[in-house]
Amino acid sequence: RAGTNGMRILGILGFPPAWASTAPEGAERPWVYKPDLAAWARSVEATTRQFSGLVDHWEIWNEPNISVFWEPQPNAADFLDVVRVGYAAAKRGNPACTVITPGLAGAGERGEDFIGNLIRSGAVPFCDAISIHPYRQTTPEESDLVGDIQRIADLCEQNGGRRHLWITEWCWTTQIGGGSS
């Protein structure tokens, strides 16, 4: 139905079951640990092949730069393995798909160090676009959203080539003075 209404779906690849995770035995949330890379590759390839034509845009993981989505703690070097293997597997499953990575929390203080480390470590050749989630507590102008986006774009250009930047989640508060409960 999405396609018939002029919409395209952005699928998220990530969050393996316990048997495909590197989580320690008995981990409470095994799906937020680095996946076993062989299992990850098989899963991504099968998923992108199965949904080819229905879902042709895939984001690798969601916000791996915060511990809610990556344990034991966020680590760009560990995540680079997931990006590298995931990109190759997605392209085997659907060579025409667009692979966007990663969906990061923040595009400034919280996200910039992680994305900078990921990009400088060699992630650019393993993605078609970079995704950010630049939530703000003030307006885009006051929080320098354009400057944050430009810094990420420049970093890509300097470390492997130009990539489109996708904002796949975004908001800022409209309540003056913050909220109260």
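## Basis and burial

Buried means under 20% relative accessible area, exposed means over 50%, and partly exposed is in between (1.4 Å probe, protein chains only). This is a predicted model: local features need pLDDT of at least 70, side-chain atom pairs count only at pLDDT 80 or more, and totals for chains, interfaces and linings use all residues. Residues are numbered from 1 along each chain as its sequence is written, and side-chain values use heavy atoms, with hydrogens and water left out.

Helices (H or I, at least four residues) and strands (E, at least two) are DSSP runs, numbered from the N terminus.

## Nonpolar core

A nonpolar core is a set of buried Ala, Val, Leu, Ile, Met, Phe, Trp, Tyr and Cys residues joined through side-chain atoms within 4.5 Å. The largest one here has 33 residues, and W40, I60, F79 and L118 touch the most other members. Two or more residues each come from α1 (37-50), β2 (57-60), α2 (76-93), β3 (98-105), α3 (109-120), β4 (129-133) and α4 (145-158). Helix α2 gives the largest share, nine residues. In soluble globular proteins, nonpolar side chains tend to be buried together.

What does W40 touch, not counting residues up to four places away in sequence? Its contacts (heavy atoms within 4.5 Å) are L13, G14, P35, I60, W61, V82, V85 and G86.

## Surface patch

I9, F51 and L54 form a nonpolar patch on the surface. Together they have about 260 Å² of accessible area, computed by the Shrake-Rupley method with a 1.4 Å probe; for residues, only the protein chains shown count as cover. Patches are made of residues with over 30% relative accessible area and no salt bridge; like charges are joined within 9 Å, and nonpolar side chains (Val, Leu, Ile, Met, Phe, Trp, Tyr) within 5 Å.

I9 lies in the segment before β1 (10-13). I9 counts as partly exposed because its relative accessibility is 35%.

## Salt bridges

The whole structure has ten salt bridges. Each is a side-chain nitrogen of Lys or Arg within 4 Å of a carboxyl oxygen of Asp or Glu. Side chains of opposite charge can pair when their charged atoms come close.

E71 and R29 meet at 2.8 Å, N to O. E71 lies in the loop between β2 and α2 and R29 in the loop between β1 and α1, so this pair ties together parts 42 residues apart in sequence. R29 is partly exposed at 22% relative accessibility. D81 and K34 form another salt bridge, at 2.6 Å, N to O. Here D81 is in helix α2 and K34 in the loop between β1 and α1, so parts 47 residues apart in sequence are tied together. Which of this pair is buried, and which is partly exposed? K34 is buried at 16% relative accessibility, whereas D81 is partly exposed at 22%.

## A charged network

R136 and D148 meet in a salt bridge of 2.9 Å, N to O. R136 lies in the loop between β4 and α4 and D148 in helix α4, so the link spans twelve residues in sequence. R136 is buried at 5% relative accessible area, and D148 is buried at 4%. Salt bridges with shared partners join R136, D144, D148 and R151 into one network.

S143 is also in the loop between β4 and α4. Leaving out residues up to four places away in sequence, S143 touches R136, T138 and D148.

## Loop features

E63, in the loop between β2 and α2, is buried at 8% relative accessibility. Beyond four places in sequence, E63 contacts F69, G103, L104, A105, H133, Y135 and E169. P72 is in the loop between β2 and α2, and the peptide bond from E71 to P72 is cis, with omega near 5°.

W61 lies in the loop between β2 and α2. W61 has a positive phi of about 70° although it is not a glycine, and its 0% relative accessibility makes it buried. F15, in the loop between β1 and α1, has a positive phi of about 65° and is not a glycine. F15 is partly exposed at 27%.

## Cysteines

How many disulfides does the structure hold? There are zero disulfides (pairs of cysteine sulfur atoms within 2.5 Å). For C97, the nearest cysteine sulfur is that of C127, 12 Å away. C97 is buried at 2% relative accessibility, whereas C171 is partly exposed at 38%.
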